[in-house]
Amino acid sequence: VSRQLKEEIRRGFARLEEPLAALLAMLESSSDWKGKGHSLGYCITTELQLWIKEHPPVPQSGIKLKKLQTHVLGMLSQCPANLLDPLISIYQLHTADRNCLLEHVSHLYLQGDYKEAAILSIKLKLQPDQDVEKMCTPLLLQDKANLVEDYVAEYPELQRKLLQTLDMWCDPSFNIRDITRPYQGLSRYKPEKFNRRVLSKLVFRLLERFNADPALCPNVINQRHLRTLNYLFYKRFVEKTMTEENWADHIQSTAGENRWLQGQLVQLLLRHCDTHGAARWAQHCQVPPEMLPEELQQLHIQDRVEEVTKAGNSEASKKKDYYQLPIPRENIHFLQTWEEMLQCWQKVLQPGQVVGVDMEWRPSFGMVGKPRVALLQLALKDEVFLLDLPQILEQAEAEGEKEKLPHFIHMLYSDAAITKLGYGMSGDLSSLAATCSALKDMEKQMQGVVDLLAVDKQVDGLSPEHGHEQRGLRQPEKGLSLLVQHVLGKPLDKTEQLSNWEKRPLREEQILYAASDAYCLLEIYERLCKDPESFRLGSDLTESLVGKQSKKPRAKKQLNKQEAPSPSGQECQGPSMEPPCPPAPISPREFSVVCDNMLQGLGRYLRCLGVDVRLLDNEDDHRRAAEIARQEGRVILTSGLPYQTLRSQVGEGRCFSVNCSEKAKEQALQVLKHFNVQVSLSDIFSRCQ
């Protein structure tokens, strides 16, 4: 706004006997004050607000001010958001009769102006006198979860009530249609955004944002734990990629003493084990005998030493199929004291040093909170250091020197003369920041860092020596393990990945796994730098990687995401082995898909681009996608466990798994690239939305 206009506005106010009444008259007669942005009405209102602070008017009589307040209240529901605060301030609405304010908000609510009622309630701090369930339900149906969060943000008691209400709705026995039925005619109603899956994610978001007690939400927590149990059984009995010891540790800690979860655990044991095995593991997890079926109660439990020994021998025979650490065991050092640490840092902080960096934390399987690093691995050419971070930090704090460890880590990451190798370093660093708050801004100061995840996408095909070697029925490799297989010929053994890394002492298998994860980065980097052409990389690989990454490295998928990790194992999770010729380009109009019910956002995005999309309803079984795909010749888009089932029911290449942790736009780009769909300007919004 020009200085001349501001001065003219202020001179006008000075000449008015009743500037407050005049402002309302002007706004009502103006045509542009309801528009977005900085209209003339907005400029005049904000100038009046400043002018009043400099020239306090003669106090209005109670009756006159009350009339003005009643008048302005009638205008607030129509005015743009940027005028709310100035008008509330000018007309002192915070001093108005509270019952009058509540009555006005109630009137807005009954008119169906739920968003406006909530915003005004927040501005006037009316929430303590309102019913949180009543106010928030229509907002959730309109997919306005952010407004719901703001509504309860300053009121812990309302946060608790909201969480308890959402948790009640997530009870499997609760009929969620009882909530939605009164709002069938609601404008902008989005029923697909109002189901247990979405509500469960919202609960976890609120628990984390408000640091609330998870005990407020037993249904949501139990369902998340049940998904974790299902995932653990899948890893152990279907994928067979989890050791018995890790699996037993996690199922015991997940079920705990919760009677409902113990009952679910017994059912899973009976489904995946014989009666002897089910009884043995039920006893190991301390399931009360009265919860066991009669056949298990009567069964005499005995340890199967022979079977365990046989399984151990079988495990050992498989080791030769995996990457082997090339340094002797005595060169792996587990450090727990500051004195031991100093020897490590003297070797690591050398100019010209190349260091493989990795971190491990206890998997949280989607529960609240960010993971805290339990082990920091630093690999040099001849030795590997495993840093017991919880123990070292505890010792440093006890000695009043808790800044020492962050100081050394800062020195490592900010030294351009030391090359740091990682894989998905952004994810590692966010967990490191959660472990030690002094490290939260370290990512901005990094120099000399090479994130091999960025190279991963460029590596073309398997390493020359090992080509397309078949590896039996083992699950497809992904992530770093796949890169190791491509470059070094054998994948990583990931059976210890889901270990409890906080438990001490670490087992020998965990120590070897942790050392291998960091050391393999050195071998990959050396191999790629020596022979980039074999992997169809540019010959200036070293120059282009070190310290010149223009893009922020993508975080590797963490196990504390809202959902348990996808066990689909589809090749697109890592660098895929592309076919020699990409599919022929097609237009969106020629591309027909059916989206599984967890991918409705992706489906709507693809439809905006002109793709022929069918969406499964929330109540539909995943197998319905296969029926539609066969009947209508559509490609199935799915994610996670359903991929394993669905791809076997349709033709080769007719089922595609997307990364559920990415946003709809990134998922859509992945789909379009994979199927070579070429979108033109005329395709956008060419279909009914």
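Before the close-ups, one term: a residue counts as buried when its relative accessible area is under 20%. Keep in mind, too, that everything here comes from a predicted model.

**View 1. Trp-345 and Phe-408 form a stacked pair of rings.**

**View 2. Phe-591 and Phe-675 make a tilted pair.** Here the rings are 5.2 Å from centre to centre, with 40° between the planes. Again, distant parts of the chain are linked, this time 84 residues apart. Phe-591 lies in the loop between helix H26 (541–545) and strand E7 (592–595), and you'll find Phe-675 in the segment after helix H30 (664–674). Both of these Phe residues are buried.

**View 3. Four aromatic residues join up in a cluster.** Look for Phe-233, Phe-237, Trp-247 and Trp-281, which are connected through ring pairs. For the whole model, the count of aromatic pairs comes to 13.

**View 4. Six strands build an open sheet.** Going across, the order is E1-E4-E3-E2-E5-E6, and the pairing is mixed. Strand E1 (332–335) and strand E6 (449–451) stand at the edges with a single partner strand each, so one side of each has no neighbour in the sheet. From one strand to the next, the twist averages 20°. Zoom in on strand E5 (residues 419–422) and you'll see that E5 pairs with E6 in the parallel sense, over three bridges. Leu-421 stands opposite Val-450 in E6. Helix H22 (residues 425–435) packs on this sheet and touches strand E2 (354–361), strand E3 (373–379), E5 and E6. The direction of H22 makes about 60° with that of E2.

**View 5. Helix H4 (residues 62–76) has a buried face.** H4 has 15 residues and reaches 21 Å from first C-alpha to last, close to the 21 Å expected at 1.5 Å a residue. Its buried residues are Leu-65, Leu-68, Gln-69, Val-72, Leu-73, Met-75 and Leu-76. What covers them includes helix H2 (19–29), helix H5 (81–90), helix H6 (98–110) and helix H7 (114–124). Turned away from that buried side are the exposed residues Ile-63, Lys-66 and Lys-67.

Methods:
Residues are numbered from 1 along each chain as its sequence is written. This is a predicted model: local features need pLDDT of at least 70, side-chain atom pairs count only at pLDDT 80 or more; totals for chains, interfaces and linings use all residues. Side-chain values use heavy atoms; hydrogens and water are left out. Two strands pair if DSSP finds at least two bridges between them. Helices (H or I, at least four residues) and strands (E, at least two) are DSSP runs, numbered from the N terminus. Axes are lines fitted to C-alpha atoms, for helices over the stretch in contact, and angles run from 0 to 180 degrees between N-to-C directions. Contact means heavy atoms within 4.5 Å. The expected span of a helix is 1.5 Å times one less than its number of residues. Buried means under 20% relative accessible area, exposed over 50%, partly exposed in between (1.4 Å probe, protein chains only). The arc is that of the directions from the helix axis to the C-beta atoms. Rings of Phe, Tyr and Trp (its six-membered ring) pair if their centres lie within 6.5 Å; planes under 30 degrees apart count as stacked, over 60 as edge-to-face and the rest as tilted.
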